[in-house]
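Welcome! Take a moment to look over the model shown here, and then we can walk through it together.

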Amino acid sequence: MALSDEQIEATKVPHGRNQFKVSDGGGLYLLVKSSGRYWKLAYRFEGKQKTLAFGVYPAVSLEEARQKRESAKELLAQNIDPGEIRKQERIELKAASQVQTASTAVEVVHRPKALNRIEQEEIELRRLSILQAVAASHAFTTNEAALQPMLESNGYYLSFDRLRTDLAWLYEQQAIDLKAGALWGIYLTQFGFDAVHGRMWIPGIKRAEAEVMKEKE
C-alpha cells in the first residue's frame, strides 16, 4: 500500500521496539526509529539482496524518495547495480574534495615560510620532473600509482600527500589536468607540454634545458 505524508507523520515506533518498517511498494520503505525516519530501497542484484539508502524524511520527501526508486529501477533494468554507482559517486566526490583541499594547502603551506634559494630550486626541479614523467607516459596520461615509481627512479621519494600537493599546484598553473577518482587521473596540458620542451617557462617550475640553451644562443 502506497504511503501518504499524513501516514508518515503519524507513524511512531511502537512501545518495546527499536524500529520498524512501513512500505511504499516497489521495494521502497521507511525505516522508522526513535532517532528519525529513513528511506531505504530493498532490491536484488545478481541474486544478492541489497539495500540502498535514500536519506532522511522529511529532508527527502515522499515524492523525492519515489523518484530515487524509479531511477534505481532504471539502472537495474540495464543490469547496473545502483549501489555501486552510489559508491563511485562518493569516491569521486571525496577525490574532488581532496583536490580542493590540496589546492588550499598549497597556499597555507607556502605562505608563512619564505624558502631559501636552494629549497626553492629543489621544489622547482621536482615539479619539472613530475611534468617530464607525465610527458613520458602513454598519451601524456597517467595516475598517482604509476607516477610514484617513475619519480622514485629519478630520486624523488614522495608520499601521496606530498605528491598530491605538487599535483594540485601544477593543476593551478594549468600545467596538468586532474580527473577525480580513487586515483587521480593526470593529464598533461599544452602549457605543461610546452614547459617540458622548453617552449615556455612557468614561474615556480625549473626552466627546461631547451629553454636555457635557447637563451644562451
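## The sheet

Two strands count as paired if DSSP finds at least two bridges between them. In this predicted model, strand 1 and strand 2 pair in the antiparallel sense, over six bridges. One example to look for is Gln19, whose bridge partner in strand 2 is Lys33.

These strands belong to an open sheet of four, ordered 1-2-3-4 with antiparallel pairing. Strand 1 (19-25) and strand 4 (48-57) have a single partner strand each, so these edge strands are left with one side that has no neighbour in the sheet. From one strand to the next, the twist averages 30°. Lying across strands 1, 2, 3 and 4 you will find helix 2 (residues 62-77), which runs at about 15° to strand 3 (36-45).

## A helix with a buried face

Now turn to helix 5 (residues 144-152), where Glu144, Leu147, Gln148 and Leu151 are buried. Viewed down the helix axis, the buried residues fall within an arc of 105°, so they line one face of helix 5. They pack against helix 4 (117-135), strand 5 (141-143), helix 6 (160-172) and strand 7 (185-188).

The N-terminal end of helix 5 is capped by Asn143, with a side-chain oxygen 3.0 Å from the backbone nitrogen of Ala145.

## How confident is the model?

The protein chain averages a pLDDT of 81, and 80% of the residues score at least 70. Confidence is highest in strand 2 (residues 28-33), at a mean of 92, and lowest in helix 8 (residues 209-216), at 47. Over residues 211-217, pLDDT stays under 50. Where pLDDT is low, the predicted coordinates should not be read in detail.

Methods
Residues are numbered from 1 along each chain as its sequence is written. Side-chain values use heavy atoms; hydrogens and water are left out. pLDDT is the predictor's confidence in each residue, from 0 to 100. Helices (H or I, at least four residues) and strands (E, at least two) are DSSP runs, numbered from the N terminus. Contact means heavy atoms within 4.5 Å. Axes are lines fitted to C-alpha atoms, for helices over the stretch in contact, and angles run from 0 to 180 degrees between N-to-C directions. Buried means under 20% relative accessible area, exposed over 50%, partly exposed in between (1.4 Å probe, protein chains only). The arc is that of the directions from the helix axis to the C-beta atoms. A polar contact is a pair of N or O atoms within 3.5 Å; within protein, one must be able to donate a hydrogen and the other to accept it, and residues adjacent in sequence count only if both atoms are side-chain atoms.
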